[in-house]
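Open the structure in your viewer and keep the selection tool at hand. The stops below follow one chain, element by element.

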Amino acid sequence: MIPHADEAITRDGKSLILAYDHGLEHGPVDFEPNPATADPDRVFEIGTHSAVTAVAVQKGIAEAYYPAYEDEVTLLAKLNGTSNLWMGEPNSAVNWTVENAAEVGADAIGFTVYGGSNHEIEMVEEFRDAQEAAREHDLGVVMWSYPRGQGLKNATTPDTIAYSTRLGLELGADITKVKYPGSPEAMSHAVNMAADSKVVMSGGSKTDDQDFLSTVKSAMDAGADGLAVGRNVFQRDNPEQILDGLEAVIFEEASVKEALDVMGSEPTDPAALD
Amino acid sequence: MIPHADEAITRDGKSLILAYDHGLEHGPVDFEPNPATADPDRVFEIGTHSAVTAVAVQKGIAEAYYPAYEDEVTLLAKLNGTSNLWMGEPNSAVNWTVENAAEVGADAIGFTVYGGSNHEIEMVEEFRDAQEAAREHDLGVVMWSYPRGQGLKNATTPDTIAYSTRLGLELGADITKVKYPGSPEAMSHAVNMAADSKVVMSGGSKTDDQDFLSTVKSAMDAGADGLAVGRNVFQRDNPEQILDGLEAVIFEEASVKEALDVMGSEPTDPAALD
Amino acid sequence: MIPHADEAITRDGKSLILAYDHGLEHGPVDFEPNPATADPDRVFEIGTHSAVTAVAVQKGIAEAYYPAYEDEVTLLAKLNGTSNLWMGEPNSAVNWTVENAAEVGADAIGFTVYGGSNHEIEMVEEFRDAQEAAREHDLGVVMWSYPRGQGLKNATTPDTIAYSTRLGLELGADITKVKYPGSPEAMSHAVNMAADSKVVMSGGSKTDDQDFLSTVKSAMDAGADGLAVGRNVFQRDNPEQILDGLEAVIFEEASVKEALDVMGSEPTDPAALD
Amino acid sequence: MIPHADEAITRDGKSLILAYDHGLEHGPVDFEPNPATADPDRVFEIGTHSAVTAVAVQKGIAEAYYPAYEDEVTLLAKLNGTSNLWMGEPNSAVNWTVENAAEVGADAIGFTVYGGSNHEIEMVEEFRDAQEAAREHDLGVVMWSYPRGQGLKNATTPDTIAYSTRLGLELGADITKVKYPGSPEAMSHAVNMAADSKVVMSGGSKTDDQDFLSTVKSAMDAGADGLAVGRNVFQRDNPEQILDGLEAVIFEEASVKEALDVMGSEPTDPAALD
Amino acid sequence: MIPHADEAITRDGKSLILAYDHGLEHGPVDFEPNPATADPDRVFEIGTHSAVTAVAVQKGIAEAYYPAYEDEVTLLAKLNGTSNLWMGEPNSAVNWTVENAAEVGADAIGFTVYGGSNHEIEMVEEFRDAQEAAREHDLGVVMWSYPRGQGLKNATTPDTIAYSTRLGLELGADITKVKYPGSPEAMSHAVNMAADSKVVMSGGSKTDDQDFLSTVKSAMDAGADGLAVGRNVFQRDNPEQILDGLEAVIFEEASVKEALDVMGSEPTDPAALD
């Protein structure tokens, strides 16, 4: 972590990263709930929402679509990733060099590390090269820190998530993206383990408005520095609407109730809002 | 994908790539139906047909024969490929560097990626290097996107082909070559998943004129941007004749009936033409 | 070993290296005895104690925190390391290049070698590159020489520790860090095998004041050139207090009794002090 | 293949390559029939015979002996090769770089590829680097194309040999060396598959004069461009004598009978000469 | 082999290389017979004996001790080597680059190759790089040619040793170090297989004066070009004394009896001296 290295992808120190590498990682099936989002133009358009501090995509999408949005969108170059056709121990191909990403106009890089995989050492060494090249190009560094593979029975226990954020700090990430560990206490612990480096929560699969905002709210209250989200935004009928709510919670310290109001969304469990 | 990066190998945005790497991939057996085509001179001669937007060959054939045809033929350098003597999990040797291909005069590169193979990650990283080097030399990039290997029972299901074209888009191909997924609907879906990048159908093994033109026509109607074909052209007694028909279907929006007329070929199933 | 190459991290030829890479190697669990030490600021503060000749950390912590302490702390860049999520044969990822470490301001590098591991050869070759790059940047070289893996039943026998220090000498370390081999005679033998290169004892897990100081004292009397210690300092309620005692033993030839007096610590086994 | 790239190692478009890497590939046992040939001086002396268009040796022999013969012998640098102590799947170490071979004075390189081996892909990629470096240094390229390994029951069937020559063409060899496939028809087919690139027959183990010349004659009549031979020359009592006969058959279109006459050698099966 | 490339480490064309990498290869146990020799200073001192043409050590020892002896000792940089903690198939880590060795002041390099090991190909390719770099720096090249590993039941048969010396010649060593093959005839055969390159006998484990000198004498009489010896010198109580005897046998054509006289050593089997 280098102070301010992440400034281009944060707003008041917080981030809302719109992740859109699902076409590679999961395949076209992720676009079925909202077929228009198979078109990167639609997602970059969503990315112009004021809540979004960066859009994370793979090289092919960046080189094709980013030039048209470079004044309105901040590019986070997701450097590695692998199709789910891959049947081996968790691993991720490096699809993009930092040099090329910088030329395309990225302000930060994103890199997945699967701690605990039999490929952990190889991935960490690839991260080293990317991280040091990012420093040379003055790009921020975001680690997707997702322990998985041989020996990990449950990858979202509090201990594992706390270890995940610590890996980000020790290895040189400015921001580390982790799964929500299930409770505010566990999130708070994970945030502490990251020390001065930042932690953003992973958005995960689609949930209802109140549930999603409540989880984000509790992560923020526990000290998280924002959110990296894909499906929970673009699989909705109205992605901009949930971004309104997320903006309120993440950047304006709104309550979940206030955020639902901003969205014009009915609570599904009104009692939980008190 | 970079807009217009494929211009040298397209005509009105569409391509007919004459692929001729079968001597490496399948061996001499593929030349038996038309023995004259074992001689690259014959195939480059076919490649001068106005329907052909590029000829795809391996390095050895390019360096020996392309110089004599450089004014009449556009060279697509097929960079990787492997003999069928190889008994291991699907993989493809990188036989040619982009730098050398550019010196020989190529206007685009071709690269095979076997998604789902145990060598997927290695192949995708080799593709990264080739793709980025191609950008430096202003060469178009065509991916042969052929999922196969451990875990793939059927490599031509609609879902697999849609994933195949998406891989091309996400990883940075200008044009992605895929097998025909069996129906116009599936082809249309695959084309949508490629967004602004292009999709060409693979010609496959030799079929009769009407069958072949009908499949190409339905692919074009479903939004495909052309064809990459080898055996279905050079294994015929009269390769130029089928190119006349393909030119009509691909570039002139002809019906199959009109294309067969241009060729002077009798329909084998006249009823299907109505 | 090059004479004086380790001067920046020694004082009168002796070292007390404060090691703080436990967040990577062991995870957050190592900070539980003294939670404040999860914060690198606290540990760098401890590192300003006059007893400490260098602080050993991973890249991410160095780039974030070292700049604020560069006038008061000497940086030892621990280049490799691996999480304990790793289930494979002992190995260590190279997380940091010498070039970057030199830019961040390191005065020496630290590198783990697991002799006897199935990855021994790979690790030794990575050490070669780091060692030679360190020579070019005039950085001292410290080897963590820890035989383990296939074939090693007991990694702390006198023979193994003597071999460990010899590996440091033969491969080009200025200082070799080894586990205490259990007796002064064994330590003395290990020190002899290092010839003119230096040997520091590894601090190990937390023990009581008298026990710890006694072991350090016996190592120093056996010819060791100091200590590399983490948990036995930062897991205590008062890390500075034990550093007072260690300073007395290591740099001032104090007896254990004198060191305990300096610390204001009661002996747990007064009879052993005679 | 590049036209004329092989000129330095051909005479009227044909070659007789004296191969002498048996000390590496087979060991000293190959010198037992004619012990004097363990001495490279003896073999370079044989290589000054007017029939020989190039001598193929490994680096160590070239750097020691070639300087004394550079006016009389053309050097073909055999870049890879492996001892028969190797028990693994067929593979060949790259013992010599093209850059060094060019400095030593080579006019061409030789490279073994074992199609069908589990190391095929690695070998073909090593060939790529050597071939492209050879182009930069204007050296001819000869491939020893020897399918073997997992999955190949019989490596000298007509189909396999035809595939072997095609691999040479597709991958960029100027000349491909293959085993004799057993009949003139099969040899002719293999020659056709090489198109404009050249094919030389491998000499194999020692046979009698008439048998050997007859096989060479039938290969030449089938379109082969010469011979690469070791044991069948240097294991004889009089290597120069058989070279006289080979020169007649290969370069002077002599019949086997005429060649035997030139040699002063009695036919072993006179009836077969009619 | 390049004529005269080994001049710096020979005297009248012959060598006595004092090998001292046992601390790495075997561990401290090899110093037990003469504990003073754990100290490299003592061994460099022995290396100033007029019989010694070069001292072979690893990088760490060279950089620490050679500067003080550079006027009296010739440095042979042993580039690779592995601890005996290693349990895998025979292999050797490359611990030192040629560039660094040249800077430290080496006049030649030493490199182990285990023919027949599953790592043979990798080792031979590492040797290639070292050998070619040595040529650029005008350093002599010595190969420790020690077949071992899978498939070798007896690594010191005459055939294996003859193959060993041939590997040195073919791959480009100036001097090849091999085990004594058991008889003068076998040694003579091995020497012949090395042609103009040189062969030195490996000293092996400690034997009595007469036995050792007799073996060296018979190797020299069989055409060997000297000796590379470690334990048989430094494990003795008086290493200089045996060097007096070896000098007589190797450089002065003395008989064993004369050599024992020079040493002032009693024969253990006087009858064998006649």
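Start at G172(E), the residue that follows α6(E) and has a positive phi, near 110 degrees. This is a predicted model: local features need pLDDT of at least 70, side-chain atom pairs count only at pLDDT 80 or more, and totals for chains, interfaces and linings use all residues. Residues are numbered from 1 along each chain as its sequence is written, chains are lettered from A and ligands numbered from 1 in the order in which they are written, and side-chain values use heavy atoms, leaving out hydrogens and water.

Next select helix α6, residues 158-171 of chain E. Helices (H or I, at least four residues) and strands (E, at least two) are DSSP runs, numbered from the N terminus. The 14 residues of α6 in chain E should span 20 Å at 1.5 Å a residue, and the end C-alpha atoms are 20 Å apart, which agrees; the expected span is 1.5 Å times one less than the number of residues.

Colour α6(E) by accessibility. Of its 14 residues, 12 are buried, so α6(E) is largely enclosed by the rest of the structure. Buried means under 20% relative accessible area (1.4 Å probe, protein chains only). Among the buried residues are Y163(E), R166(E) and E170(E).

Now show the strands of chain E: β1-β2-β3-β6-β7-β8-β9-β10 form a closed barrel of 8 strands with parallel pairing. Two strands pair if DSSP finds at least two bridges between them. Zoom in on β3 (residues 75-78) and β6 (residues 108-113) of chain E, which run parallel and are joined by 3 bridges. There, A77(E) stands opposite I109(E) in β6(E).

Key:
Buried means under 20% relative accessible area, exposed over 50%, partly exposed in between (1.4 Å probe, protein chains only).
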